[in-house]
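I opened the notebook to look up a few things in this structure. My entries follow below.

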Amino acid sequence: KMAAAAGAAAGLWSEVNRCGQNGDFARALKSVNKILQINKDDVTALQCKVVCLIQNGNFKEALGVINTHTKVLTSDIIAFEKAYCEYRLNRIESALKTIQSASQQTDKLKELYGQVLYRLERYDDCLAAYRDLIRNSQDEYEEERKTNLSAVVAAQSTWEKVVPEDLGLREATYELCYNSACALIGQGKLNEAMKKLQKAEELCRQSLSEDSDVTEEDIEAELAIIHGQMAYIMQLQGRTEDALQLYNQIIKLKPTDVGLLAVIANNIITINKDQNVFDSKKKVKLTNAEGVEHKLSKKQLQAIEFNKALLAMYTNQADQCRKLSASLQSQSPEHLLPVLIQAAQLCREKQHAKAVGLLQDFADQHPANAAEIKLTMAQLKIAQGSVTKACMILRSIEELQHKPGMVSALVTMYSHEEDIDSAIEVFTQAIQWYQQFQASQTRGANPKSPVHLSLIREAANFKLKHGRKKEAISDLEELWKQNPKDVHTLAQLISAYSLVDPEKAKVLSKHLPSSDTLSLKVDVDALENSHGATYVRKKAGKLTGDNQQKEQGQGEVKKKKKKKKGKLPKNYDPKVTPDPERWLPMRERSYYRGRKKGKKKDQVGKGTQGLTTTGSSELDASRTASSPPTSPRPGSGAAVSATSNVIPPRHQKPAGAPATKKKQQQKKKKGAKGGW
């Protein structure tokens with residue numbers, strides 16, 4: 001029986017060897033299992049089983065076999081396989097412990113050790129590990145090690161802002177070009193990085209097109225990560241439309257790299273901001289894909305979570321926003337963004353006082369970040385209209401009090417509140433700070449830095465502008481002392497002393513240069529022809545030929561542009577004096593008495609039915625012929641005698657006024673202005 005078992009085992013081992021050489025690890029595993037049925041503690045068979053499971057991607061099962069047979073499979077025998085399974089199962093810390101506990105550090109373990117350090121973001125240790133590997137290894141994997149080394153340098157430049165050293169690597173592959181471009185992006189050299197990415201794209205196409213089995217779709221899928229980095233550069237350069245178009249093209253390709261998709265979706269969300277939130281809500285699903293957390297760095301994952309909280313705020317999901325920001329704050333208590341997002345959400349809910357209180361608590365707990373928080377608090381106070389309180393908050397930031405930008409902001413705000421004394425106090429404190437700082441740096445000497453002199457100059461100008469000439473004298477004297485040839489400062493100093501100490505002003509005026517020493521070299525023609533000139537003097541001289549004809553032609557045009565004479569009415573009579581009130585509207589003339597109403601309209605509708613308002617004699621047609629007319633007849637220019645029947649005022653015409661036609665009377669009834 002033992003001989004038969006040995007013979008069967010030998011046949012099975014031959015099968016295992018043949019399948020292993022052919023890469024058929026599933027069939028090899030079956031043969032190994034049969035061997036283990038014969039001898040369950042066969043160390044070689046157990047090792048082969050672990051290797052077959054790893055080759056088939058069954059890392060969890062392989063690790064189970066290792067942990068089950070710890071007595072047989074000791075750490076010195078199976079350390080690499082165990083660490084590799086843990087690494088592939090994203091148990092990075094466990095993999096590190098397994099590697100460090102191995103009795104012998106083989107080349108395989110060192111390679112894996114570098115990968116583990118990279119995943120743990122221990123870039124300095126990782127860089128040293130790969131340098132050692134490259135120095136002490138000579139095999140066909142040298143190019144891959146150099147690629148990994150360049151990836152470490154790129155990560156240092158991007159996440160730790162370390163200036164990368166020149167490794168002297170020959171960028172012969174698209175992977176090396178890509179990593180070099182990432183390092184340049186970390187340094188802010190975007191144009192150089194774009195050129196590197198274009199070179200990487202070209203090398204990638206050349207490399208993949210040599211393989212006849214690779215399709216154009218396969219090439220585009222491989223180029224997706226390069227194009228994604230190109231789009232990121234465009235976004236940093238402000239070319240958001242181009243970046244967005246390229247991002248969407250990559251998403252349409254449906255790449256299998258969930259990390260790449262998550263980064264692109266996050267970048268699109270940052271472009272959308274508070275606009276196109278529906279698209280952002282669709283894109284955020286790509287950031288939640290399974291396995292994303294193992295593909296990205298900690299800072300990338302943190303940025304995605306921040307953007308999720310901001311998107312929740314923009315979509316008015318207040319509870320979700322608070323939940324996400326609170327979770328972020330618990331993970332990174334000293335980080336500014338979570339508390340700023342919470343404060344922004346409170347402001348959207350009109351709870352400004354609560355937002356300021358939240359920021360104040362954070363500033364008290366984390367003094368190192370208090371400056372940025374207090375700047376935000378000041379902005380909230382300004383938004384509420386509490387400018388004075390905002391100034392108090394800004395002045396409490398000691399490390400920024402002397403900065404020119406802070407001084408300028410405080411002076412502007414105090415001036416807006418008409419608090420000139422506080423504004424001058426801000427100038428004084430900043431100037432004193434620079435005096436003390438320079439005294440400590442120069443051991444008692446008193447040179448003035450450009451920033452210090454600029455502050456003194458601004459303080460003096462501010463005091464002079466607001467009528468504080470007496471207070472400006474000391475600043476002006478200091479400036480003149482530093483530069484005695486500054487005539488402008490001397491003139492300001494004399495002007496200030498003229499109101500305080502006229503005698504001193506006279507003494508100082510002797511230092512002014514005489515008018516003879518002043519040589520003003522001014523090109524009058526150039527000055528008059530300049531863009532800002534309001535008057536240009538015509539050049540003197542005679543005009544000849546065509547120019548003279550042009551000038552004459554222009555003169556004729558100007559003569560033709562004389563004002564035209566007004567048209568006279570058709571019935572104008574030069575012998576008759578015009579109405580002096582003809583320019584006034586009819587209603588404003590002295591002789592206007594209202595509209596003339598028709599006789600029938602006056603008679604109808606007044607009194608009881610059948611009653612007439614006029615006497616029978618007025619209705620007698622035989623008497624109207626002999627009775628005098630009630631109004632001037634058309635065409636008569638003579639005035640009616642006052643001794644005869646008196647004409648009502650509204651029917652009276654001014655003396656000498658010509659008669660008008662019936663059409664003109666109708667026009668006047670419509671409220672038109674009177675004419676001649």
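Is Ser 280 buried or exposed? I found Ser 280 buried, with a relative accessible area of 0%. (Buried means under 20% relative accessible area, exposed over 50%, and partly exposed in between, with a 1.4 Å probe and protein chains only.)

A note on the source: this is a predicted model, where local features need pLDDT of at least 70, side-chain atom pairs count only at pLDDT 80 or more, and totals for chains, interfaces and linings use all residues. Residues are numbered from 1 along each chain as its sequence is written, and side-chain values use heavy atoms, with hydrogens and water left out.

**Entry: Ser 280**

I placed Ser 280 in helix α15 (residues 277-283). (Helices are DSSP runs of H or I with at least four residues, numbered from the N terminus.) Then I listed its contacts, meaning heavy atoms within 4.5 Å. Leaving aside neighbours within four places in sequence, Ser 280 touches Ile 269, Asn 272, Gln 275 and Leu 311.

**Entry: helix α2**

Next I looked at α2, residues 25-38. Its 14 residues reach 20 Å from first C-alpha to last, close to the 20 Å expected. (The expected span is 1.5 Å times one less than the number of residues.) I noted the buried residues of α2: Phe 25, Ala 28, Leu 29, Ser 31, Val 32, Ile 35 and Leu 36. Why do they sit on the same side of α2? They cover an arc of only 165° around the axis, and this puts them on the same side. (The arc is that of the directions from the helix axis to the C-beta atoms.) An α-helix has 3.6 residues a turn, so residues three or four places apart point the same way. The face of α2 turned away from its buried side carries the exposed residues Lys 30 and Gln 37.

**Entry: helix α9**

I moved on to α9, residues 142-159. It has 18 residues and reaches 26 Å between its end C-alpha atoms, close to the 26 Å expected. Its buried residues include Arg 145, Leu 149, Val 152 and Gln 156. The buried residues of α9 pack against α7 (107-119), α8 (123-136) and α10 (174-187). After α9 comes Lys 161, with a positive phi near 55°.

**Entry: aromatic pairs**

How many aromatic pairs does the whole structure hold? I found four. (Rings of Phe, Tyr and Trp, its six-membered ring, pair if their centres lie within 6.5 Å; planes under 30 degrees apart count as stacked, over 60 as edge-to-face and the rest as tilted.) One of them joins Phe 59 and Tyr 84 edge-to-face, at 6.1 Å centre to centre and 65° between the planes. Phe 59 lies in α4 (residues 59-68) and Tyr 84 in α5 (residues 75-88), so the pair ties together parts 25 residues apart in sequence. Phe 59 is buried at 11%, while Tyr 84 is partly exposed at 23%. Phe 59, Phe 80 and Tyr 84 form one aromatic cluster.

**Entry: cysteines**

I searched for disulfides, which are pairs of cysteine sulfur atoms within 2.5 Å. The count is zero. The sulfur of Cys 48 is 6.4 Å from the closest cysteine sulfur, in Cys 52, too far for a bond. Cys 48 is partly exposed at 22% relative accessibility, and Cys 85 is buried at 0%.

How values were computed. Helix = DSSP H or I, 4+ residues; strand = E, 2+ residues; numbered from the N terminus.
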